Amino acid sequence: MNDPHTTALAPEPHAIAISDKSLRRRSLFAACGAHAVHDGLTDVIYVLLPIWQAQFAISYAMVGLLRGSYSGMMAGFQLLASRMARRWGRERMLVGGTALAGLAYLIAGQAGGLAVLLLALLLGGLGASTQHPLASSIVTDTHEAGGGVKEALSQYNFAGDIGKTLIPALVGLLLLVCSWQASVSLIGLLGLAAAGLLWWLLPKPGELQAIQKKVLKPIAGSGSAGGFRALLATGTLDSAVRMGFLTFLPFLLKSKGAGTAGIGVALSLLFVGGAFGKLLCGYLGARIGMMKTVWLTESMTSVLIVAALWLPLAGIMAMLPLLGLALNGTSSVLYGVVPELAGPGKREQAFALFYTGTIGGGALSPVLFGALGDHTSVPTALTVLAALLLLTLPLAWKVQKGLRA
């Protein structure tokens with residue numbers, strides 16, 4: 001016979017469902033906020049590079065080193081961040097990493113020399129290394145029980161582009177009324193405020209464990225080692241060209257008469273196009289397939305990069321949203337293929353390797369192509385980038401074969 005008091009105290013299924021839904025919503029909002037802030041802090045560097053070049057009288061190779069130092073640390077420590085999260089907890093690591101990124105910009109705002117600036121960017125990259133692997137895994141874990149993992153991850157990816165759009169534009173406007181040091185310091189305070197918000201929003205480990213027990217069918221891939229290697233190479237090349245182009249774009253715009261505010265607006269136009277590109281290309285990938293979508297976006301990107309060399313400033317500004325759509329859209333398609341090519345039980349490792357490879361390629365590219373720009377010219381370096389991107393076409397065909405295996 002059931003105890004009536006026990007029955008009365010048992011939570012109703014409806015209440016549990018509401019609790020789970022609230023947890024998923026809160027976790028997704030926290031992850032999206034972290035992605036927006038971290039991507040904004042990462043890409044605001046592009047607005048600051050021409051200012052730093054003039055301030056410290058540095059070469060294009062050193063400009064590439066400044067950009068690559070942040071991305072290099074972010075790529076190199078992602079696997080370590082995942083391992084440390086098992087001991088210290090993903091929530092603590094994500095909050096701590098966000099706080100470190102904010103602190104790094106506060107240090108950069110006080111930099112009187114190149115050495116301090118480089119140290120600040122290294123610290124910022126170290127803090128940023130926690131975001132991608134930990135936030136995406138939190139989204140996956142909280143949404144796997146109720147379904148809709150892909151939809152949640154697409155919103156998470158979209159949020160990153162929102163940060164890339166708003167924060168560089170904000171700094172571009174701030175530079176009109178105050179110094180770059182004050183602007184960078186304010187961005188650092190934004191990072192610290194985001195860390196505090198994450199501490200409040202992120203679910204506790206016990207809540208995550210409770211919702212994970214309700215997973216009926218874990219996501220698993222059939223596995224294709226050859227297909228995954230081709231996917232990793234495709235993503236690395238795509239990221240390398242994207243980061244290389246973004247490094248040179250402010251200098252290309254400056255050579256055509258754009259000012260600091262104009263460069264900030266241009267980057268915002270590019271990132272707005274990129275945000276919608278991720279949504280559109282995800283839809284295209286589902287409708288016409290991964291290979292055709294990659295061929296379309298990468299070919300378009302290559303053609304538009306070359307066109308940017310010949311167009312006047314007004315023409316470049318007009319076509320930047322379309323270029324951003326193609327430039328960023330490919331990554332959304334490639335990211336969605338990772339679970340299908342990952343072996344059983346190796347999904348998290350596959351995501352970590354994919355993030356490390358793509359961000360690593362993006363970190364190395366500005367250094368290599370910055371040196372090329374020093375020895376030749378910015379137009380030559382951009383032309384080589386456009387040609388390099390065409391190597392992704394046969395690689396996408398290899399990925400498609402792996403999906404069919």
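1. In this predicted model, the count of aromatic pairs comes to six. One of them joins Tyr60 and Phe251 in an edge-to-face arrangement, with 5.2 Å from centre to centre and 90° between the planes. Tyr60 belongs to helix H4 (residues 60–76) and Phe251 to helix H12 (residues 225–255), so this pair ties together parts of the chain that are 191 residues apart in sequence. Tyr60 counts as partly exposed, at 24% relative accessibility, whereas Phe251 is buried, with a relative accessible area of 7%.

2. Tyr70 and Tyr105 form an aromatic pair that is tilted, with 6.5 Å centre to centre and 55° between the planes. Since Tyr70 lies in helix H4 and Tyr105 in helix H6 (residues 90–109), the pair ties together parts that are 35 residues apart in sequence. Tyr70 is buried, at a relative accessible area of 0%, and Tyr105 is likewise buried, at 3%. Ring pairs also link Trp52, Phe56 and Trp180 into a cluster.

3. As for the chain as a whole, its secondary structure consists of 18 helices and zero strands. Of its 405 residues, 53% count as buried, and among contacts with a separation of 6 or more, 85% are between residues 24 or more positions apart.

4. Where does Thr330 lie, and is this residue buried or exposed? Thr330 is placed in helix H15 (residues 313–341), and it is buried, because its relative accessible area of 0% is under the 20% cut-off. Leaving aside neighbours within four places in sequence, Thr330 is in contact with Asp238, Val294, Thr297 and Glu298.

5. A nonpolar surface patch of about 340 Å² is made by Phe77, Leu80, Met84 and Trp88. Of these residues, Trp88 is found in helix H5 (residues 78–88) and is partly exposed, with a relative accessible area of 44%.

6. A final point concerns confidence. The protein chain averages a pLDDT of 83, and 86% of the residues score at least 70. Over residues 1–18, however, pLDDT stays under 50, and the model has three contacts beyond four places in sequence for this segment. Where pLDDT is low, the predicted coordinates should not be read in detail.

Methods: Residues numbered from 1 in each chain as written. Predicted model: local features only at pLDDT ≥ 70, side-chain atom pairs only at ≥ 80, totals over all residues. Heavy atoms only, no water. Helix = DSSP H or I, 4+ residues; strand = E, 2+ residues; numbered from the N terminus. Buried < 20%, exposed > 50% of the residue type's maximum accessible area, 1.4 Å probe, protein only. Contact = heavy atoms within 4.5 Å. Patch = residues over 30% accessible without salt bridge, like charges linked within 9 Å, V, L, I, M, F, W, Y side chains within 5 Å. Areas by Shrake-Rupley, 256 points an atom, 1.4 Å probe, with all protein chains shown as cover. Salt bridge = Lys/Arg side-chain N within 4 Å of Asp/Glu carboxyl O. pLDDT = per-residue confidence, 0-100. Phe/Tyr/Trp six-rings, centres within 6.5 Å; stacked < 30°, edge-to-face > 60°.
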